[in-house]
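Here is a short briefing on charged side chains. Keep the sequence and the 3D view open as you read.

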Amino acid sequence: MPRILVSDLDGTLLGGTRDDRRRLRDALARHGELTLVFATGRGLASIREVLRDPLVPRPRWIIADVGATVIDGADLTPVDPIQEQLRAGWPGAERIRAALRRFPELVHQHGVVQDGRCSYHLGPDGLTGELTAAVETLGCTWVYSAGRYFDVLPPGASKGNALRALAEKLGWQPDSILVAGDSLNDLSLFRTGAHAVVVAGAEPALLTALADDPRVHRPGQAGAAGIHAALRDLGWLNSRHDPGLRPTHGPGPGPAPGSEPGSERSAGRHSLVVAYHRPPLHWNGESWQPPTSPNGILPTLTSAFADVGGSLQGIWVTALTGRDQQAPLPRPASPPLATVPVDPATWSGYFHRTCKDALWPILMSEPDRAVFDERFWADYRTVNDRFAQHISAEAAPGATVWLHDYNLWLVPGLLRRIRPDLRTGLFHHTPFPAPETFAALPVAAELRSSLACLDWAGFHTDDFAAHFRGALAGLPHPPPTAVHPLGIDRPVIEKLARLRAPHRRTATGHVVLSVERLDYVKAPIQKVDAIDHLLTRRPELRGRLTFRLVCPPPEAGITAYDTTRRHLEQRVGEINARWRQRHWQPVDYLPRRLSSTEVVDEYLTADVLWITSLQDGMNLTAKEFIAARSALPHDQVEPGVLVLSRHAGAATELGEAALLTDPHSIEDLSTVLGRALDLAPIERRARMNRLSELLGHERPADWANRILRAIRSTGSN
């Protein structure tokens, strides 16, 4: 059941010591079922300032302006239907101020941004029946608090009414809500029938008004500590997740209190914990949706969990971010998830600034592109620490932990300190750089120390495994490594190809296809330049060659690819303008994501799949293309040609039947592509037959189970 904390700010959520506030912030972060709602007299501009404080947890919803404003905390935009309802009948601030000028004891709060309200300073002696009657004559209501604040509001506006409207919209029940406050302008919250807490130091008039209410908690602590105590009293925090039991900013040397095998902290329910920074599903506003592609690590792990005969009988620990962070969403039945809430600011520092700006260029052997910032590295540490704490809470004594990718590089070291009983393996889906490139990271020593705490490390190729061993060379007990290249769910692709075959488009001339996310490492600009070069050298291809580049943009917030996008769009425009004919242009650029069905349609139409990664852990697109083209009889579709970067992990498996190319050379790119277009049908067929053999038929669930057996067979360092 979702649980909602609705809290005033000044004197309540923002009250207490820094340690009190930190403890409450961390408790909320560790309990993904808890949704936070601000209910404040502040306006949005002032709330933005509050949110810059690292001790302030991010709210999912905001009730502002003493209940006249309701804001979506994910993007700080108004929730218009509710807000319009609350402000109905508002005559406007100018009319209010004009009508109340005859009360000199009212001092307007200049310098305070007010929206949908008029706020004044007023001493107790000025609160007269004449004043309140004047307000009511205007069709408005009023709130007086702390012996000095007088707020004129629309007739239906109050913190309580705003909460009722929000609860109705989202299906919250009073028993699932805890309201917290300290002054009379919070009184309407306490009249909603929810659980309530009045923190120590509250306005005496509020205490008097609530004296006989049995649902009100009255802890002896002020501010954030009082809220924390009420949450504990309600049973909404538990000892496994409550950061009030121990610091959460990184455990010190040796096991943390309560982390010894057999203790409550370590006595989780699961013998297997899988951890990946991405969830396997996303919430589209109505239901949980799987990834669009049937292949990749997310579908692989999902299918492995669903495989009744497999070994993945455990739980998946994943981050919950953005709009879903604190929303009361229904949990999917499968796979079983344990979510690590991460507020948008921390996620941006962790993923956008550190993973993508600092670590990704190193992994891709492009160290000159790396931008490292110690401030954002702190966010990376924070997220890794939260993952480690969640894993520890979920893992049974002696459990197996299977981590995925560079996003969780610090987790092995953290787990070794707090849960030395666990057996921890990591599979690296990206390339692993040469030792000297890895050493270029300012935090290389910190990472080496953590990675050395692994019990096992897996990779797609021998080269990546060797680079990893080289990076850890000299450490006393480096983990064993193994090579397990990931495949695809071949039957799914084959079935879809057969279904789509009758709808296959016929193209005039040659169609060269690339399907890849926007990333400089995929060399999209180099490919466009190579098309220009090929058309210059081979004029007979003009009007007969189409390069279809499906290149969806990355998620919002990643700025590392902005230059690549601008340059790519510029080059596409220039080359199309240079070669365009009446009904033809060489580059068909699709900057959007395609569904699985649409991608398979593209596979069946293309003569050549062109993969030119500067570095690539595997590249499952190549394998999908082979499966789709091999699924159909030769009389239904001509065999396609795979042109594959020699720097992609897939080249290790498929290189003898694909045409390998060097993306660092425009000359080589255009020459090999020209050769692919010229291949005789008999050679095309022979190569595709061999590619189909090399692809094999291992199911992704089998791959996952094989790796788990490898991790479990290792001894602890």
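Predicted model: local features only at pLDDT ≥ 70, side-chain atom pairs only at ≥ 80, totals over all residues.

- Arg571 sits in helix α20, which covers residues 562-579.
- Its relative accessible area is 17%. Buried means under 20%, so Arg571 is buried.
- Setting aside neighbours within four places in sequence, Arg571 touches Ile525, Val528, Asp529 and Asp532.

**A pair within one helix**
- Arg490 and Glu494 form a salt bridge, with N to O at 2.9 Å.
- Both residues lie in helix α18 (residues 490-500). They are 4 residues apart, so about one helical turn separates them.
- Arg490 and Glu494 are both buried.

**A pair across two helices**
- Glu667 and Arg537 form a salt bridge, and their closest N and O atoms are 3.4 Å apart.
- Glu667 belongs to helix α24 (residues 666-678) and Arg537 to helix α19 (residues 524-537), so this pair ties together parts 130 residues apart in sequence.
- Glu667 is partly exposed at 41% relative accessibility. Arg537 is partly exposed too, with a relative accessible area of 42%.

**One more pair**
- Asp702 and Arg699 form a salt bridge, with the closest N and O atoms 3.4 Å apart.
- Asp702 is partly exposed at 31% relative accessibility. Arg699 is partly exposed, with a relative accessible area of 39%.

Definitions and conventions: Residues numbered from 1 in each chain as written. Heavy atoms only, no water. Buried < 20%, exposed > 50% of the residue type's maximum accessible area, 1.4 Å probe, protein only. Contact = heavy atoms within 4.5 Å. Salt bridge = Lys/Arg side-chain N within 4 Å of Asp/Glu carboxyl O.
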